[in-house]
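Take a walk through the structure below.

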Amino acid sequence: MSGIRVTYSGLISFVIGLSSLVTGLIFALIITRTLNPHEFGTWGLINSLFVYSMIINSIVTGWSTREIARGEKSGKTSIVFSEILCIGGILIYLISAYFVSPEAKVDQSILFFAALLIPLTFLHKTLSTINMGWKPEITSYALITTEIIKIPLILICLILFDLGIQGIIITLMISSAIGSLIQVIMAREKLREKINKIHIKKWLKISWLPTYPRISSILFASDIVIFSIIIGSVEGVAFYAAALIVSSLVSQSGKISSTVYGKLLQGGKRRFLENNIMQLFYFAIPLATISILYAKPSLFALNPLYEISAPIVIFLTVRFFFFTLTEIFSSFLSGIENVDVRKNSTFKDYIKSKLVVLPTLQIIQYGIYLLILTIYLVIFKDQASQIELVIYWSVIGMATQIPLSIYLYGLIKRNFEFKLDKFAISRYLIISGGVFGGSFVLAEMFLVYKNNIFEFIPSLFGFVLLGIVGYLLLTYAVDARTQKLFKAIINEIKK
């Protein structure tokens, strides 16, 4: 069993993740510039309901990475059983859509049509978890391919044939199928064995264990559903979804740590962890700064209608920064849990394990978040505008996310030996604030807000690129870790 190269795979994942931001931005621009707020809000609601359908797939995906990383031959069995389970996922989604659509005042037929994506989503998720257990970079190659393919497809569906949300669904069906095909071809080494019923019996016997953490994902996505039902409209969701596109930029930094989980499952030394965490901060800080400072022009680029969502971006960026830390810290802690390896593990052992304790903490956090959000919306839905409601929605999300991130950091320090270089992080903060703050001041002075995106976006990108170059040069000049990172990148390129 070959070991995962954390820096190599992590950098590939991060670089391709950043590259996909360009294609993702083009995709988002086409959607936001083509759909009206009601249609865009409906698309946001579909994405939330999709999370409900995926809970049943965790019976397989919850084990795929762990088993493949430890050398077990369960790849083909995972794919076949996952596609069988997708029938249940479709039913869960259709039932959810049936009850939510009247309350949110959206076209039920569009929600039902989106169910065609579920089998392909199940397949894609399963293949990704398999590859994360042995060659995480494969998922990155598939990602960039699907992102590139989506651009001409969405142009044909939305611009040429004016298919609306149905066009988005058709685009994602085709691109997802191609991405899955790439993963199958590159992972064929792990898919040659026969279907093994022993794996299926094991997964079904303890199906509650991987399914339980998915409750937190359902709660995380339920805020959009709750808002749509209580307010009786999805237009506010459109402003929230537009802000998500900009603020989620910081979550790309998490890709640098996406390979650590598989590496920890393989065992061995953990000296790489400290370096990986510092790399996470190195990339997360400038990405968060970009989202916050350039919130207004970025939203204007998506659609001038969403420019008023700038305050929402600020709060959501902070939330996503800490959310990324929470997800990464949770994956580190789960990666060293071996209760599922011990054959004599009891139900009580599983309950006490990190595989249950960590998601329980997240369930509590999201439960509190949804409770506060629901109370707020019920009280103020008739006293505030939709944009004001969405702003406070983002504030509640931020405030309830931070405490768990801090607590998990404490757990990380108790379970791993590493020292966080606070001086280096301070340097990243100061340099990031200085260079991007300077480029933003220049942008405020010289950037002309034109509705023509072919004129506006290149100008906006020029100012952002100025800040990026400044950040890389200054950190390289004063930070030894950055110098080592650059040398590692150059060495990998030479190889």
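How many salt bridges does a search of the whole structure find? The search finds 7, a salt bridge being a side-chain nitrogen of Lys or Arg within 4 Å of a carboxyl oxygen of Asp or Glu. The model is predicted: local features need pLDDT of at least 70, side-chain atom pairs count only at pLDDT 80 or more, and totals for chains, interfaces and linings use all residues. Residues are numbered from 1 along each chain as its sequence is written, and side-chain values use heavy atoms, with hydrogens and water left out.

Start with E147 and K150. Their closest N and O atoms are 3.1 Å apart. Both residues sit in helix α7 (residues 137-160), 3 residues apart, about one turn of the helix.

E274 counts as partly exposed because its relative accessibility is 26%. D421 joins E274 and R481 in a network of salt bridges.

The largest nonpolar core has 141 residues (buried Ala, Val, Leu, Ile, Met, Phe, Trp, Tyr and Cys joined through side-chain atoms within 4.5 Å). Y93 and F332 have the most contacts inside it.

Y93 of α4 is also among the residues that meet α6. The axes of α4 (residues 75-104) and α6 (residues 118-132) come within 8 Å.

Methods:
Axes are lines fitted to C-alpha atoms, for helices over the stretch in contact, and angles run from 0 to 180 degrees between N-to-C directions. Helices (H or I, at least four residues) and strands (E, at least two) are DSSP runs, numbered from the N terminus. Contact means heavy atoms within 4.5 Å. Buried means under 20% relative accessible area, exposed over 50%, partly exposed in between (1.4 Å probe, protein chains only).
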